Amino acid sequence: MPALLSGKRIAVLGSARGLGLAVAKATTEAGAEVIGIDAVAGFAHVSEFFRLDPGEPAAIDRLAEALPDGLDGLCLVPALDPADTVEQALLRGVMGPTRLALRLAPRMAAGGAIVTQGTAHDGARAQHLGLIRAALALRRDSAEGFGQRWGLAAEPALTPRLIAWAMEAWVMQHRWSWAPQGPRTACLVTASPDGRLPPHIAAARGLEAGMGQHQAAQAAVFMFSALAAGMTGSALAADGGLSAETQTSLEGL
């Protein structure tokens, strides 16, 4: 990667695993100083590391106070634990990242960016707009029984999609929240929650599945760079063509 981020300071939530680790590596290689944040210890590709459970509001607030002013970028891709309940996954995947972003955004550098993770659009998203709004409003004191109320316990695969839908909606809602000098918002649309390519896409492109993480991380570097200065509230497909496959299939094109 060229030194697109030379002299910039980027904080990555989820830096120790999966896509977050790939972003930490790519932003470091692009010249940035990277501050890592994760629930598990991981010091690879970061200059400083903070341990955080993003489902704990008080811990998020303490971290926000400890992080420096003038961050040029904030990446929000916490890894999901398969053992989490629906409520824990939503608190760690939606409530925690958005709470951290809202506290840090007013203190970020002019021209900075907040980058989250989304998923390819499909026909199901429009049918779950009420659920997406409820996920964005979820707080720790209102989380009990959320999965049961919304039928998520019976459909485990819906929870990671809901997190991605909600984070993409948050990005769009906050497209101008800190204008004109505050951070832009953007969403990386990935082929899977961890950024890996599905087997049929990997085969079609002649790639290993793990290359999906690398390519999505390179897209994150672009979003943090001055090259993306005109982009906010945007969703950038870094999914190996899954979004295009889904859209053309839905429309019969």
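The legends below describe close-up views of a predicted model.

**Figure 1. The largest nonpolar core of the predicted model.** This core comprises 47 residues. Ile37, Leu74, Leu90, Leu100 and Ile114 have the most contacts inside it. At least two core residues come from each of the strands β1 (9–13), β2 (33–38) and β4 (73–76) and from each of the helices α2 (57–66), α3 (86–104), α5 (129–137) and α7 (158–173).

**Figure 2. Surroundings of leucine 90.** When neighbours within four places in sequence are set aside, leucine 90 is in contact with Met95, Ala135, Leu138, Phe146, Leu152, Leu162 and Ile163. Leu90 is also one of the residues with the most contacts inside the largest nonpolar core.

**Figure 3. Helix α5 and its packing against α7.** Leu131, Ile132, Ala134, Ala135 and Leu136 are the buried residues of α5. Their cover includes α3, α4 (123–126), α6 (146–149) and α7. The axes of α5 and α7 come within 9 Å and cross at roughly 75°; the two helices are therefore roughly perpendicular to each other. In this contact, Leu131, Ile132, Ala135 and Leu136 of α5 meet Leu158, Leu162, Trp165, Ala166, Ala169, Trp170 and Gln173 of α7. Classified by residue type, the contact has ten nonpolar residues, one polar residue and no charged residues.

**Figure 4. The salt bridge between aspartate 38 and arginine 17.** The model has nine salt bridges, including the one in which the side chains of aspartate 38 and arginine 17 meet at 2.5 Å, N to O. Aspartate 38 belongs to strand β2 and arginine 17 to the loop between β1 and α1 (18–29), so the pair ties together parts 21 residues apart in sequence. Aspartate 38 is buried, at 2% relative accessible area, whereas arginine 17 is partly exposed, at 28%.

**Figure 5. The salt bridge between arginine 140 and glutamate 56.** The side chains of these two residues meet at 3.3 Å, N to O. Arginine 140 lies in the loop between α5 and α6, and glutamate 56 in the loop between β3 (48–51) and α2; the pair thus links distant parts of the chain, 84 residues apart. Arginine 140 is partly exposed, at 43% relative accessibility, and glutamate 56 is partly exposed, with a relative accessible area of 32%.

Figure 6. Aspartate 84 forms a salt bridge with arginine 92, and their closest N and O atoms are 2.5 Å apart. Aspartate 84 is buried, with a relative accessible area of 17%, while arginine 92 is partly exposed, at 24%. Through salt bridges that share partners, Asp53, Asp84 and Arg92 are joined into one network.

How values were computed: Residues numbered from 1 in each chain as written. Predicted model: local features only at pLDDT ≥ 70, side-chain atom pairs only at ≥ 80, totals over all residues. Heavy atoms only, no water. Core = buried A, V, L, I, M, F, W, Y, C linked by side-chain atoms within 4.5 Å. Buried < 20%, exposed > 50% of the residue type's maximum accessible area, 1.4 Å probe, protein only. Helix = DSSP H or I, 4+ residues; strand = E, 2+ residues; numbered from the N terminus. Contact = heavy atoms within 4.5 Å. Axes fitted to C-alpha atoms, helices over the stretch in contact; angles between N-to-C directions. Parallel < 35°, antiparallel > 145°, perpendicular 65-115°, else oblique. Nonpolar A, V, L, I, M, F, W, Y, C, P; charged D, E, K, R; others polar. Salt bridge = Lys/Arg side-chain N within 4 Å of Asp/Glu carboxyl O.
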